Amino acid sequence: MSVLRGGEAVTISGARRNQVLAVLAAAGGAAVPEHRLIQAMWDSDPPETAAPTLQSHISRLRTAIDPLRIIKVAGSYALDLDGVEVDARRFEELAALARSASGPTALAAATDALDLWRGSAFGELAELPGVRGEALRLEELRLVVTEVWIDARLEQDDAPTVIGDLEALVDRHPLRERFRAQLMLALHRTGRQGDALREAARFRRVLNEELGLDPSTDLRQLESQILNDDPILARPMPARVAAARVHGSPEEFHDPTSLIGRETEIDRLLGALGPGRAVTLTGPGGVGKTRVARRVAEVAEPGQAAGVVLVELAPGRGADAVVDLVARALDLQQGPAGTLEDTVVDHLSRLEVLLVLDNCEHLLSAAAALVDRLRRRCDHLSILATSRASLGLPGEEIVVLAPLDAPEETPTVTAAAITSSPAAQLFVERAEAARPGFEVGEADAAAIGEICRRLDGLPLAIELAAARIRALSPAALAARLDERFELLGTERAGGDERHHTLRRVVEWSHALLDPVQQDVFAQLSVFAGSFSLEAAEAVCLPEGGRVTVGAAATPPRSTSVAGAVADLVDHSMLQVSDPSEPRYLVLETLRELGQEHLDASGATAAVEARHRALYLDLAVQAAVGIDSADERRWIERVDRELDNLRAAHHSAVRAGDVHVAASLVAALREHGFRRIRYEITALAEATMALGGFAEHPEAPLVAAVAAYGHWVRGDLDTAIEAAHSSLELQVSRQLPPSGLPERVLGNALYFKGRTEDASVWLERMVDVARERAAPAGLAHALYMSSVASTSIENLEAGQAQAAEALVWAERVGSPTAAAQAAYAHGLALRATDPDAAEAWLRRSADLGGEAGDRWIRAFALTEVYSLCGRRGEHLSALEGFAEVIDTWLRGGDWANLWLSLRSVFALLVELGADDDAAVLLGKLLASGASVALPAAPEVVAHQAEETERLAARLGSRSFERAVSVGGALSDGGAVAHTKAAIERLRSR
């Protein structure tokens, strides 16, 4: 116990006076009768002069502690604590906040509360009568807050560092069960299951020896859960939200063909999956892992996942492929801080979804590393991986998918006996599909049984064999299996025999193709994802680069690529993924074979070059079409071909083809910007690393695309520097300007608050568009200039530029250009005619949605919901912002995300969510986003007023604490906190 005056400790001489002060302080400002003070000073043997002596001590005490007052009321004394800071009172306030809050708020409050302690409560005076009870109460509350502090650290995945603190606490408080349980949990989460169980045994022994008691039911249950590795013990989720968007509905995973003989495995997988669990489905290639995983995704109960994210890893190559493919499946771009992997992990940590990683075997170490991190950070995430080998993670649950049971070989074989086995059922079903009217006669039974046994019950092998029923009887097919195996020559040594069986069957199916079919099949392996017949015809040559293994079984049926494609579908070597167009897909196992034969032929470079040329041509056409009335059709076409466009760029980088790489980036940039697919900026950076890049005519534009990426991620200084570098490159090469570096500079400088400099660059952007006679570019430049003019209250200029933007937009016919002009009109009318402004802004959002332009839609809705908030529809506006925030977050557009969050801050203040508002303000201030422009001056002024109101309502200490908590949040954590706050307000 101590008294501070002006920050300096007050010296209180005399033990009696310290005793009196301790009793008065323990009373917390309540009156203490004289006899209790006398008892505290002399216990049961006070002198006859006790009363006057007490008065003397109090008099001297008053002098010592002035201006702190001791008042006397009817024979009692009390400390006047009005306006006095009392650590114990502050501690109790923080304790209450810590116990009622969660996540970072609870951790910060508990930490601040415990930091107030300097030794024990009342120190050596704690045993005084009148003090002891209060000292015990405070010490107990201190332990409770310590428990909350530990829980909050465990919630923040701090188990490794919390163990030392817990071991010390258990040593000091061996009978306190809660500390023991927390220590057990922390040990378990760090993989020390044995140590956790030993702590349970040690506590049981101590409790029994000292008190003759057994541990509580809760602790016994925890011990049992640790023993059984129960996933419920995973780290609790702070600010957890359900999946705001279901990434896959059951219908999307439905397989129209029946799944035979897999009921047991599906039931086991469904039982093994759950929040915080990672399950790997293993088995040889062709055993049906993908099909089983999709069926699990289709039938998973809502309690297991609020949505499904299916990630096909087969096209991936290189160490970064796993994270890239997961991000694409989530429609997620890199955040402003950390890596793309950090963004993915942070995003998934707040969702309840089933993540299916299909075909991990060729990226095993990268997949294992990501799964391990996700498992530790995302305890409401279920993970199902399919791989020919396990991931090798501790605690990984492995479900082996065995081949289908084949018919037993018996002296007497009947059709009924044969078709009772799953392998034969699959063969018959696929044979019936291949040859309508096919029936299993008694004469076929033995042959079908032999085929299924010889193929080891592998589904893919059986399906490939069944496809031959169009040309061969079961008996003829069975008789030729040995012949074809001999044709294939020596097997690869080592590995699972079933892999050899599959390879033999795949090679056998390949060998049955004629030379044209073989050539086309090999060339089709360059496609990533699905492709059209026209694409196949453009890339593949029906003659050239023979890659046939052995002699063809039949003479060529067709000399055309189209004919070969149809034959490959008939032979089950090619899948029809979309019958309406149609589009085709090569299964990964077959694609590997095709790539091997293509590489062996020496034709890979030529085929990849044709693939690049095809998709570069598509990108160039799309760059024109996207600025026309057919914008939506071109947006959708590029979306559909993204896998192949990415593959074309990766192929160009591997080949050092700077022309294709740079031209692809230049052509696809607007699609990337409008769809908020900022991976285009990463492709730009990869292109810039190629030899000869600076000499390419598109180099300045590619450099500007990279600069744009820095802007949207909020790295404004780098964006400005990169944009200037782009301009220098353009000038040095004497190339015509594109307007994109000017666009980046205009945006970035506005966000830096340099409005005059920004205006200069935006005017230059308009001039460039006029010089280039580019109507779409001019419509866009005028829209940006209008927004800038309106933001600095030059409404007349803003309206004039918006009107001209609309003229050019109508001439172009692009919905995006019309949406941008409508946005500019709405913004210019916001201050003078809010109703008309809202109508224009809603039109902008609708046009953007129709075009597939995510960016302008979210941008327009930001203003719509701001207007809703201004007319008092605060909750409705807040609910709308939840969608906008999610769009910016997924796209990685942090510049606009900060603008939206600024509006959300104002709405939280209006709705009285003061703590949440202050936390968000802390993050906005820490990110420099609270003054982000474009924003009208009155908006900035209004925010300053809201901040003052908020600080007044919370009080300086609470306000500063919440702001501090917000400033310490990660970017993703701040968004999660905000979305959770919105959800709380919606449900209250």
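This is a predicted model: local features need pLDDT of at least 70, side-chain atom pairs count only at pLDDT 80 or more; totals for chains, interfaces and linings use all residues.
A residue is called buried when its relative accessible area is under 20%, exposed when that area is over 50%, and partly exposed in between, with a 1.4 Å probe and protein chains only. By that rule, 54% of the 988 residues of this protein count as buried.

Residues are numbered from 1 along each chain as its sequence is written, and side-chain values use heavy atoms, with hydrogens and water left out.

Let me turn to confidence. The pLDDT, which is the predictor's confidence in each residue from 0 to 100, averages 83 over the protein, and 90% of the residues score at least 70. Residues 484-500 stay under 50, and the model has 25 contacts for them beyond four places in sequence; a contact here means heavy atoms within 4.5 Å. Residues 929-936 also have a pLDDT below 50, and that stretch has 25 contacts in the model beyond near neighbours in sequence.

Next, the overall form. The protein contains 46 helices and 13 strands; these are DSSP runs, with helices being H or I of at least four residues and strands being E of at least two, numbered from the N terminus. The C-alpha trace spans about 125 × 85 × 45 Å along its principal axes. Of the contacts between residues at least 6 apart in sequence, 70% join residues at least 24 apart. The protein exposes about 40,800 Å², and carbon and sulfur atoms supply 50% of this area, as calculated by the Shrake-Rupley method with a 1.4 Å probe, where for residues only the protein chains shown count as cover. As one example of separation, T161 and E592 are 431 residues apart along the chain, and their C-alpha atoms are separated by 46 Å. T161 is placed in helix α7 and is partly exposed, at 47% relative accessibility.

I now come to the interior. A nonpolar core is a set of buried Ala, Val, Leu, Ile, Met, Phe, Trp, Tyr and Cys residues joined through side-chain atoms within 4.5 Å. Which residues touch the most other members of the largest nonpolar core? They are V520, L524, F531, W711, Y783, Y823 and L908, out of 159 residues in that core. Helix α42, residues 894-910, gives the most to this core, with 11 residues. Leaving out residues up to four places away in sequence, L524 touches F531, A536, C540, L568, L574 and V586. Apart from this core lies another, of 72 residues, including I12, A26, W42 and V145.

S786 belongs to helix α36, residues 775-791, and counts as buried because its relative accessibility is 0%. Beyond its neighbours within four places in sequence, S786 is in contact with G798, Q801, A802 and A824.

The charged residues follow. Side chains of opposite charge can pair when their charged atoms come close. A salt bridge is counted when a side-chain nitrogen of Lys or Arg is within 4 Å of a carboxyl oxygen of Asp or Glu, and the structure holds 60 of them.

In one of these, K72 meets E34 at 3.6 Å, N to O. This pair links distant parts of the chain, 38 residues apart, with K72 in strand β4 (residues 69-73) and E34 in helix α2 (residues 34-42). Are these two partners buried or partly exposed? K72 is partly exposed, with a relative accessible area of 44%, whereas E34 counts as buried at 19%.

E450 and R454 form another salt bridge, at 3.7 Å, N to O. Because they are four residues apart in helix α18 (residues 442-454), they are separated by about one helical turn. E450 is partly exposed at 30%, and R454 is partly exposed at 26%.

In a further pair, the closest N and O atoms of D757 and R754 are 3.1 Å apart. D757 is partly exposed, with a relative accessible area of 35%, and R754 is partly exposed at 41%. Finally for this topic, D331, D639, R675, R677 and R854 are linked in a network of salt bridges.

I close with the surface. L175, L211 and L213 make a nonpolar patch of about 260 Å². Patches are made of residues with over 30% relative accessible area and no salt bridge, like charges being joined within 9 Å and nonpolar side chains (Val, Leu, Ile, Met, Phe, Trp, Tyr) within 5 Å. L175 lies in the loop between α7 (159-172) and α8 (177-189), and L175 is partly exposed, with a relative accessible area of 34%.
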